[in-house]
Amino acid sequence: MADTRIKNWAALEANPEVLTQFMHSLGANASYEFTDVFGFDPDLLAMVPQPVVAVLLLFPVDEHYQKYRHQQEEKIKADGQTLSKNLYFMKQTIGNACGTIGVLHSVLNNSSSVIGSDGFFKAFLNKTKEMTPDERAAALFDDQQIDTVHASSAQQGQSREIPPEEDVDLHFISFVQVDGNLYELDGTKPFPINHGASSADSILQDAVKVIQKIIALNPEENRFTVLALVSQSNE
């Protein structure tokens, strides 16, 4: 039976400092952080610290994207796709929680390197790793710790705080590389999207190719933010 409960959070800002502090407060290793991707030219991509383990995109959900999304989902339903059994995917049932879901997807699909020895991430993964995507969403819905940390992080940053009751047309999705394939993870979609072959060395470039297709859907729109989850341990 579908979970019909309603909960809304204040939206997180697409600010690398805010998301990094949020991630660390939930038990991520201190050597990992989010950083801006300032452009898609090779020289700008080369400025992003390595290794990159995940990419976040914040973008407007408009009629152009909704049409693209519908066509994409219908094609996958008709043709099928291969998904790794090691991929961690969860649904989103909390309003304005896409930033948190994006961070969770980014971290939990890199658990061996990004998650610390204790904290929320480790406990939540241990609790939910055998659950379905819907059951994971329910577990997040009921978790008091994530409620508290999210509320605190939503008050940070340079932009106006967006209250829980306000309708937001910007949306976070995550890109991760698992078992040699690039996956787009969006908790409002019925399933992950397999975008084909990728690697630990090429995830940023591979994700950018998909992101550029999304941006091209509406050339008049410029509200896009791209962040990379990187390790600073090699500096």
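Biologist: On what basis are the residues and values reported?
Modeller: Residues are numbered from 1 along each chain as its sequence is written, and side-chain values use heavy atoms, leaving out hydrogens and water. As the model is predicted, local features need pLDDT of at least 70 and side-chain atom pairs count only at pLDDT 80 or more, whereas totals for chains, interfaces and linings use all residues.

Biologist: At roughly what angle do the axes of helix α1 and helix α4 cross?
Modeller: Helices (DSSP runs of H or I, at least four residues) and strands (E, at least two) are numbered from the N terminus. Axes are lines fitted to C-alpha atoms, for helices over the stretch in contact, with angles from 0 to 180 degrees between N-to-C directions. The axes of α1 (residues 16–25) and α4 (residues 98–108) come within 11 Å, and they cross at roughly 60 degrees.

Biologist: Are α1 and α4 roughly parallel, roughly antiparallel, roughly perpendicular or oblique to each other?
Modeller: Angles under 35 degrees count as roughly parallel, over 145 as roughly antiparallel, 65 to 115 as roughly perpendicular and the rest as oblique. The crossing angle is roughly 60 degrees, and α1 and α4 are therefore oblique.

Biologist: Which residues of α4 are met by α1?
Modeller: Contact means heavy atoms within 4.5 Å. From α1, the residues involved are Leu19, Phe22 and Met23, and their partners in α4 are Thr100, Val103 and Val107.

Biologist: Which element gives the most residues to the lining of the second largest pocket?
Modeller: A pocket is an open set of points on a 1 Å grid over the protein atoms alone, where a 1.4 Å probe fits, with protein on both sides within 12 Å along at least five of seven lines; lining residues have an atom within 4 Å of a point. Of the 17 lining residues, the closest to the centre are Gln72, Ile76, Ile193, Asn194 and His195. Two or more residues come from each of α3 (63–79), β5 (193–197) and α9 (203–215). The most, six residues, come from α3.

Biologist: Is the peptide bond from glutamine 50 to proline 51 cis or trans?
Modeller: Proline 51 is found in the loop between α2 (42–46) and β2 (52–60). Most peptide bonds are trans. Omega from glutamine 50 to proline 51 is near 0 degrees, and this bond is cis.

Biologist: What is phi of asparagine 96 near?
Modeller: Asparagine 96 is found in the loop between α3 and α4. Most residues other than glycine have a negative phi. Phi of asparagine 96 is positive, near 65 degrees.
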